[in-house]
Each structure stands twice: as C-alpha cells, then as structure tokens.
Amino acid sequence: MSAPHIRNRYTDLIHQTFFFPRHGFEVIDNQLFFHGIDLNALVKEYGSPLKFTYLPKIESQITKAKELFASAIEKYQYNASYNYCYCTKSSHFSFVLNEVLKSNVDLETSSAFDLDIIKTLETKGKFRKDQFIVCNGYKTDSYAQKMAEMVDMGYNNLVCVLDNPEELDLINKYTKNQTNLGIRIATEEEPNFLVYTSRLGMSYKRVVDLYESKIKDHPNFKLKMLHFFVNSGIKDTTYYWSELTRLVNVYCDVKEVCPDLDTLDIGGGMPIYTSLGVEYDYGYMIDQIVYYIKSICESRGVPEPNIFTEFGSFTVGESGGVLYSIIGKKEQNDKEQWYVIDSSFITTLPDTWGIGQKFILLAINQWDHEFQRINLGGLTCDGQDFYNSDTHTNQVFMPKITDDEPLLMGFFHTGAYQESLGGYGGIQHCLIPAPKHLIIDRNETGELTYQLFAEEQTPEAMLKILGY
Ligand SMILES: Cc1ncc(COP(=O)(O)O)c(C=O)c1O
C-alpha cells in the first residue's frame, strides 16, 4: 500500500527527526536496509525473531580506534605505543573472537573460563602466545591457577591485574615463573551514584605500599601496568577528565618508585550509537586522552606509558541487531496502544529491562504508513517485558498496522552483552526460545554472505536443561 499524500508518514517522522540516512541505514521503496542488507528479505527467508551479526562492522570499529590513536600519537609525538584489547565479556562467541583477532588485537578477560577460550584459540592458530592477555576481574582460586599455568606454558605477555591486595597472595601460591602484574585503581564514582568509590580496584593510597612491601623484591613479580575504568564510560564531561588526570598522576607517582611500570590501561567505555539523535566526536576524545597523558607525564618528568584500552561495546555493539514481527495489537485505553512482538525483551535484549538501556529502533517495512505512538510488549506474562521509550523522544513511534502484511521492526547496535546477560540458549523466561542467529559477512568481492550460526532454540534443548 502506498499513500504519498499522507504527511504524517513514518518516513517523514524519521527523516524530520534525525539526520537520516546514516550509520549504514537507508530506505529503499519503504523498506529498511542496514549496511546494504535487505532486512525485509532476510525475515522472509529466515523468519523472525532473528538475531544477526554483521562481521565487517567489527573490523571497521577496530581500525577506526587504531587510526585515531595513531594520529594523536603522531600529533603529540607521544613516545610509547597504543594497544587495542578486546574485552571478551561483551561477546564471547567464536565468530566474534575469530573476527576480532583478524585485526591483530589483544584480549582482556574477566574470569577463569575466558582463559579456556584463549587456549582453544591458540591451539587453532588464531591467537599467539606472545599476545597480551589482560586478566581483570576478581581472582578466584581457579582463575589464579589457570593464569599461572598459562604463564608456565609460555604466555609471556599475560598481565594479572590485581583487584585487591589479597589476590597477590593467591597468585603467589601458584606462580613458578616471572609474572607480569597490573593494579586496578578504584575510580571515584559520579556524584549522583549510590556509592562514592567504585567497588572494583583498590584505593590509590595503597598502591605504592603494596608495591614496596610485596612486589618490588619478589623474584617472580613485575609491576607493569596500572589499570582503571571510569564507570561513566569515556565522555566529554568534567567528571571524566578530572578522573583521567587524577589517575595519570597516580601513574606518575607509582612510576617514580617502580621502574618496571610502563603501561596505563584506561579500560573500556567508548560509547556507541544507541540512538540516531546523538553525535560522538571520537577523534576529539582520543586526541584529548593522548594529550592529557602526554602533558601530565611531561610536567612530572615521567616517560609516557604505553596506552591500553579494553573496548567491548565499541568493538562489537554496532555489529548486532535483532528483528521481530508484530504479531498482535491491543488497545488498553484511549491512549495506550500495544504492539506485541514475537519474542521477549527480557531475554533477547535484557539490558532494556535491567538497566533501561535504549537501542536504535526502526520499522523495517511500511515506512509509507502513518505513524502512531505505541508501547511494545514482549511475549512473556511479565509486566516488565516492554519497551516504550527511546533516548530521543522518550516515546516509541511505529507505522500503523494494516492487514496487508505483518509489520517488522529491528533493534540495532545490540551486539554487546545481550546474549550473555540473557543466558543465551539456557532456560528462558516463560520458556520463550532463544532466536535464530545469522552471521553476515562480505566475501573478497564485497558481496554479502549469510551463514546460520544457530537455529531457534528447541523445546528438547530447554527440557533437557530442566531435567526432563
Ligand atoms: C574492566 C573492564 N574493561 C572493559 C570493559 C568493557 O566496557 P565497554 O563494553 O563499555 O567498552 C568493562 C565492562 O564492564 C570492564 O569492566
């Protein structure tokens, strides 16, 4: 159905509200395309709900960050290197790690099982033993033991980042060979947060003491890295810049007593586009980070450190999407219209439910229809399984449904954290199955290729977990 005379069409709304098309989106004949992928055709072929990962976006994100750091390093004649680590917890899938490692990046881990992934990648020839492994997270016995085993196996650039002083004793229990250490410094939280100081890492006041008393003269330990992660993420705010400068000064304090120290890991938190209504100047942020580190070190007479980042969302977030069909409609009162999706937000996009995360949400077809304000409901019987506000307008608008064809919609840039938090492939709320997952890539000639990674979860798979 085409209705060119209507002015309050969904297409008018999107084009008037945002700079559109951008971020790989475009609309052809009232159908949405994403990086050239015909999403309507995709749902016709594979059905919905459908999760997908567009692999080329991973490489382009890594390249973007590496190039921006390289140009800031050149501009400020920064005399140390930049290392891009991928934070594995944002997506552990093999197809993500395989893609990430093609760009020759290092890895950051959070728990013992992460190390099993790395050993598997090494045996498959995808990871070298001389690449960096930054081991963050709380050190349990098995995590510490696995780290020590890997150092013994020749993973020479594994860095165990201490979250608290007691972890040193645990590491000491297992290490036989020289082990690189890092120390995570606790950041101060934003003034409106529930606690003053992050629970992760240790107070900067304890660092020099810990180094002097337990690391300096230990035959197996070298303190190589200081690490921090500003919880707000990397943002152009007074809070971020004051935390960064404070922590670079801590680096200089420790460097004055510890000659082995040569690396500052500034964590993850590079933002991604979760709305069409925001703008990030990545070049400016990276330029300023390098500038601050360089100028503070220069003024303190300390050689500048190698800079490590651990970008998770930035690496993989914008590669992911999930497509749903609207399978029902309800009108609960004069104002509240509901569209029912064919899956659950709680399990397929758990951040929308857990932390009120917004994602880019767009209709896939029917852009020539009139729009209306709606609430989106999931299939579970949970009152919290809904989505009704985007970042920009605090509302959600979708094309009006007609009987002609089902309305399809997609959430985009959903590639980080959603599967692990949603317990992908496990027991799902109200037993709504995990969707099919499709991997989309481009071949040497630039054509799109499609590979089904997983079918929709079966009743047998779920019943097995449940013990039937
Ligand atoms: C220590 C550490 N590094 C890196 C990251 C990745 O953060 P992001 O996904 O925002 O880049 C996290 C996320 O929680 C983290 O805790």
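Predicted model: local features only at pLDDT ≥ 70, side-chain atom pairs only at ≥ 80, totals over all residues.
Stop 1: Start by colouring domain 1, which the domain assignment gives as 10–55 + 318–465. Then give another colour to domain 2, residues 76–311. The C-alpha centres of the two domains are 34 Å apart.

**Stop 2: where they touch.** Now select the contact, to which domain 1 gives 25 residues and domain 2 gives 17 residues. About 1800 Å² of area is buried between domain 1 and domain 2, with 65% of that area coming from carbon and sulfur atoms.

Next, show the side chains of arginine 22 and glutamate 279, which meet in a salt bridge at 2.7 Å, N to O. One salt bridge is counted between domain 1 and domain 2. Six residue pairs are in polar contact across this interface.

Stay on the domain 1 side and pick out strand 15 (360–363), helix 14 (418–421) and strand 21 (436–442), the elements that each give two or more residues to the side touching domain 2. That side of domain 1 has twelve nonpolar, nine polar and four charged residues.

**Stop 3: the ligand.** Which of the 14 residues around the ligand come nearest? Select Gly269, Glu310, Gly312, Ser313 and Tyr417 to see them.

Zoom in on glutamate 310, where a polar side-chain atom lies 2.5 Å from a nitrogen atom of the ligand. At glycine 269, a polar backbone atom is 2.9 Å from an oxygen atom of the ligand. Finish at lysine 89, which has a polar side-chain atom 3.3 Å from an oxygen atom of the ligand.

Key:
Residues numbered from 1 in each chain as written. Heavy atoms only, no water. Domains from an automatic or database assignment. Contact = heavy atoms within 4.5 Å. Buried area = accessible area lost by both parts, 1.4 Å probe. Salt bridge = Lys/Arg side-chain N within 4 Å of Asp/Glu carboxyl O. Polar contact = N/O pair within 3.5 Å; in protein donor to acceptor, adjacent residues only side chain to side chain. Helix = DSSP H or I, 4+ residues; strand = E, 2+ residues; numbered from the N terminus. Nonpolar A, V, L, I, M, F, W, Y, C, P; charged D, E, K, R; others polar. Near = heavy atom within 4 Å.
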